[in-house]
Amino acid sequence: MNVNANPFDRELSRKGLVFQMAKKLVDSIQMEVRTTQPCRKEFDFTVPADVVKSETANTLRDIAAQVALPGFRPGKAPVGLIRSKFENELKDELQRKLVYAAFELAGKDESLDIVSCGVEGKPELKFDEEFKFTIGADVAPEFEVGDYKAIKVEIPVDAVTDEQVEERVKFYRSAYGNYTEVDGPAQAEDMLKVNYKSDFAAPEDASPAVKRQLEAKNTFLWLSEPETIPGSIAALTGAKKDGEYTFEATYPADYRESALAGKTMKYTVKVLGIQRRSELSDEDLAAKARVKSIDEFRDMLRKAMEQENAAKNHNEVIDAVYKKLSDMVEEFELPPNVLQAEVQKELQKIARETVKSEEDAEKFKKEIDAHRAEAEKAAKAALRKTFLLRKIAKLEDVKLDPKEVDAQLREMSRYYGYKEKEFRDMLEKNGGMDDLQLDLMNAKVLNLLAEAAVK
């Protein structure tokens with residue numbers, strides 16, 4: 001979703017043009033504006049024949065200066081020969097120049113907040129004749145946000161109790177504990193050393209991960225969630241060393257390895273040993289945490305838990321502030337093309353989350369109307385939020401610093417394990433950069449509102 005900049009501005013910047021049209025060309029184009037539906041305008045442009053003729057000559061000279069033909073020095077070939085040989089290139093360049101000039105003319109009207117635009121249909125340009133074409137544009141909705149500065153919320157930060165600290169200490173006693181061999185039947189949370197094999201024949205092109213999932217020797221299975229093999233906790237709780245056990249495993253439809261997703265198979269497991277984690281003493285836990293004492297560890301945990309509660313409280317304040325803001329503003333129309341693009345994006349998101357097999361794909365197709373309704377609801381909510389915050393950003397002159405974007409990119413690239421440049425290039429190619437900037441801008445406005453709401 002990109003509602004912060006005219007996409008044609010970026011296109012011009014990439015080409016190094018940035019509206020460097022002669023003022024005479026822009027002013028010579030005739031424009032009429034029509035409202036076709038809420039948040040939708042159409043700009044009808046007419047370029048007079050004499051202007052087309054003049055710009056044809058100018059463009060032809062530009063092309064002639066850059067090309068070389070056999071028998072002529074660079075830039076010295078007759079323009080008539082250039083025109084006949086490069087007619088298609090001349091027409092494309094001339095049409096691009098006239099359309100970009102039209103974009104500039106449309107952008108002069110500061111009362112129109114254009115968020116998406118493009119040429120309608122396929123206009124036909126003929127040399128030395130009048131050129132007519134239409135640009136369709138989605139414009140930002142018009143609405144009043146009310147006295148958003150008066151929004152106040154009171155959500156107290158949860159206190160961290162001694163009991164909660166002790167519960168966290170107990171968790172780390174176990175989490176940092178060491179596994180030791182035990183006799184007797186296996187219990188929940190134990191770690192079993194096993195050999196296992198399934199009766200499922202791996203595809204010829206199966207990945208090493210799939211092959212390891214189907215058969216392994218001298219490996220470990222934890223009797224805790226998430227299960228390594230579906231059903232293994234129930235089947236192996238109570239298992240004994242040197243015992244052999246058989247059970248049925250059914251992999252979920254959304255399992256990470258598509259070759260196994262939705263498949264049911266039988267496993268035979270040989271238990272080679274059973275290990276159980278023992279809780280650490282106060283001294284050992286302090287040593288593991290690299291602090292001097294268990295009391296210092298408790299203090300460290302308390303501070304961390306207080307920060308967690310503060311972050312949770314901040315998110316709750318933001319949610320409450322936005323709800324009050326949204327309740328203050330009446331429903332408004334959304335730009336149709338922007339909405340359609342957002343619906344499609346939400347629909348693709350639903351498909352990625354639900355379609356993991358051919359059966360899922362068929363089911364998705366049958367339920368497409370329900371999925372589309374769900375996608376439209378999510379898209380409308382997202383766009384409403386975007387336009388509300390976008391308006392406040394303009395009223396408060398909130399801007400996004402490129403350094404803020406760079407910092408977020410660095411953090412995200414580290415998190416996902418990419419080099420920063422590779423991650424940036426990936427986002428720019430798939431359109432994710434627009435979404436990233438939009439998320440950062442929305443967060444910046446919401447933080448501004450939340451800060452004012454708790455004062």
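**Close-up views of a predicted model**

**View 1. A nonpolar surface patch.** Tyr-415, Tyr-416, Tyr-418 and Met-426 make a nonpolar surface patch of about 480 Å². Patch residues have over 30% relative accessible area and no salt bridge, and nonpolar side chains are joined within 5 Å; a salt bridge is a side-chain nitrogen of Lys or Arg within 4 Å of a carboxyl oxygen of Asp or Glu. Areas come from the Shrake-Rupley method with a 1.4 Å probe. Tyr-416 belongs to helix α14 (residues 402–416); helices (H or I, at least four residues) and strands (E, at least two) are DSSP runs.

This is a predicted model, where local features need pLDDT of at least 70 and side-chain atom pairs count only at pLDDT 80 or more, while totals for chains, interfaces and linings use all residues. Residues are numbered from 1 along each chain, and side-chain values use heavy atoms, without hydrogens and water.

**View 2. Strand β9 and its partners.** Here we follow β9 (residues 264–278), which pairs with β5 (residues 178–181) in the antiparallel sense over 4 bridges; pairing needs at least two DSSP bridges. Thr-180 stands opposite Arg-276 of β9. Strand β6 (residues 191–198) runs antiparallel to β9, joined by 8 bridges, and Lys-197 has Thr-268 as its bridge partner there. With β8 (residues 244–250), also antiparallel to β9, there are 7 bridges; Glu-244 stands opposite Lys-270.

**View 3. The lining of the second largest pocket.** Helix α13 gives the most to the lining, 5 residues.

Terms used:
Patches are made of residues with over 30% relative accessible area and no salt bridge: like charges are joined within 9 Å, nonpolar side chains (Val, Leu, Ile, Met, Phe, Trp, Tyr) within 5 Å.
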